[in-house]
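User: I am new to reading protein models and would like to go through one slowly. Could you take me from the general idea of each feature to the case shown here?

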Amino acid sequence: MKQELLNKYSIPVPRYTSYPPANFFNDSFTSDSYWDAVAESNNQHPEHISFYIHIPFCYQLCYYCGCNSQSFRSDAVTNKYIEALKKEIKMVLPLLDHNRKISQIHYGGGTPTSQPVSVLKEINQILLSEFDCIDNPEIAIECHPGYMDEQYWKELTDAGFNRISMGIQDFNRDVLKVVNRKTPRLPIEEAVKIVRDKGLSLNMDFIYGLPLQTSESFAATIEKAIDLKPDRIVTFSYAHVPWVNELQKKLESAGLPDVETKNNQYTTARQLLTSAGYKTIGLDHFVLPGDELYKVLITKKLHRNFQGYCTRRTTGQVYAFGVTGISQLSTAYSQNTKDLDTYIFMLEKGELPVGKGYILNENEQITRTVISELMCNYTIHWKEIADELHLTVGRIKSAVNYNTNTLTEFEKDDIIEFNEDTLSILPDATPFVRNVAASFDRLLGTRENRYSKSI
């Protein structure tokens, strides 16, 4: 990429994992609002159910993390949390239409594998005993290899999961040390063999843009990952948001790479992965050719929800459980309180622990569809979106503040090509997709917000 384009477009914009972004959520959305939204969701699309389970605890906090996590306080607090989590699940499940089917269950954190496998297995059983599943649902968990011995890996593969995500981040021990992440307890090759022997799908997650990383060192990490041949490899761009996590300030003194170096790390990794046969999915995912995500991408039907990239077959409205968990329903978002003690206290009183949320108006629902289509498939067919939403093309374009002058500027910079019917991100310009998406965002700039840079 030309350096002038990197400088021009490496600006703070939302990541658009949701629309509107979570910083628009407000406390006028209450537990009563959530009760109503859940009831309404039974008659809305998508019909399938996606569950998210949030385990916030970590043995030690990685400095780069922007997730909602916290250090262990005591076994007593952890046990109270798990009991509260199960109580929340049992309060919400009766509100859901039991003719609906589970398409996804995802455990995130924090560190879900900080809990005994018996706890994870029990939660799976609670969910799976209440609903039927679609054929081949995705039941996934994020794993921290730093604390998982051989016995834990073996027990985990028998707990009802069919997809394992290994949070490796980097194979370079010096990089892991500077970001305060524990190195794998069991050699990754042995963990991979255990997962493969059980026939489970395997993801590996990596982060680029960290201190001490170079294009060469990150390339070595990706080459090792390719040798292990997971089904999916994810290369997350480090998001420097110290106002969200003050620990990230520690990385500033260690030295963060500049925009050009960070971009070189990504492009080098992408070249290695595509040369090895992996196919690019969205901003940061790479999958083997037989993966369902690639099959739907070919037909421009890739989708995304809070669980990540998915297909129309596997997507569902997301019902989240646990502190800070965000439910993603058809017309509303609901986020649980971020305070652990408040979360436990409210559930012990029999109250849902809703902290804030958001109800989308029609324009925002339209914008969400347009931005999601662009972020997933890099292409917008205005007539197809209009038909899907039963609206006119003019109504769609007015909702997103369609501006030909803005789009022409992107076209001059070789980022997009467009006409009145379609818009496509050019193959070499996909890292700028967030910038193009932001041009359709009427809410951007309506209040003081801080986001990570797009590159």
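**Reading the fold**

Analyst: Let us begin with burial, where buried means under 20% relative accessible area, exposed over 50%, and partly exposed in between, with a 1.4 Å probe and protein chains only. Of the 455 residues in the protein chain, 55% count as buried. This is a predicted model, in which local features need pLDDT of at least 70 and side-chain atom pairs count only at pLDDT 80 or more, while totals for chains, interfaces and linings use all residues. Residues are numbered from 1 along each chain as its sequence is written, and side-chain values use heavy atoms, leaving out hydrogens and water.

User: How many helices and strands does the protein chain have?

Analyst: Helices (H or I, at least four residues) and strands (E, at least two) are DSSP runs, numbered from the N terminus. By that reading, the protein chain has 17 helices and 19 strands. The C-alpha atoms fill a box of roughly 60 × 50 × 40 Å along the principal axes.

User: Which residues touch the most other members of the largest nonpolar core?

Analyst: In soluble globular proteins, nonpolar side chains tend to be buried together. A nonpolar core is here a set of buried Ala, Val, Leu, Ile, Met, Phe, Trp, Tyr and Cys residues joined through side-chain atoms within 4.5 Å. The largest one has 76 residues, and those touching the most other members are Phe 51, Leu 85, Trp 153, Leu 156, Ile 164, Met 166 and Met 204. Helix 3 (residues 75-92) gives this core its largest share, eight residues. A second, separate core has 41 residues, including Tyr 16, Ile 371, Ile 380 and Ile 416.

User: Where is Ile 380, and is it buried or exposed?

Analyst: Ile 380 lies in strand 17 (residues 379-381), and it counts as buried because its relative accessibility is 0%. Contact means heavy atoms within 4.5 Å, and, leaving aside neighbours within four places in sequence, Ile 380 is in contact with Val 370, Leu 374, Ile 385, Asp 421, Thr 422, Leu 423 and Phe 440.

User: What does Gln 169 contact, leaving aside its neighbours within four places in sequence?

Analyst: Gln 169 belongs to strand 6 (residues 163-169) and is buried, with a relative accessible area of 9%. Beyond those neighbours, its contacts include Tyr 64, Leu 176, Arg 181 and Asp 205, and also among them are Phe 206, Ile 207, Gln 213 and Phe 218.
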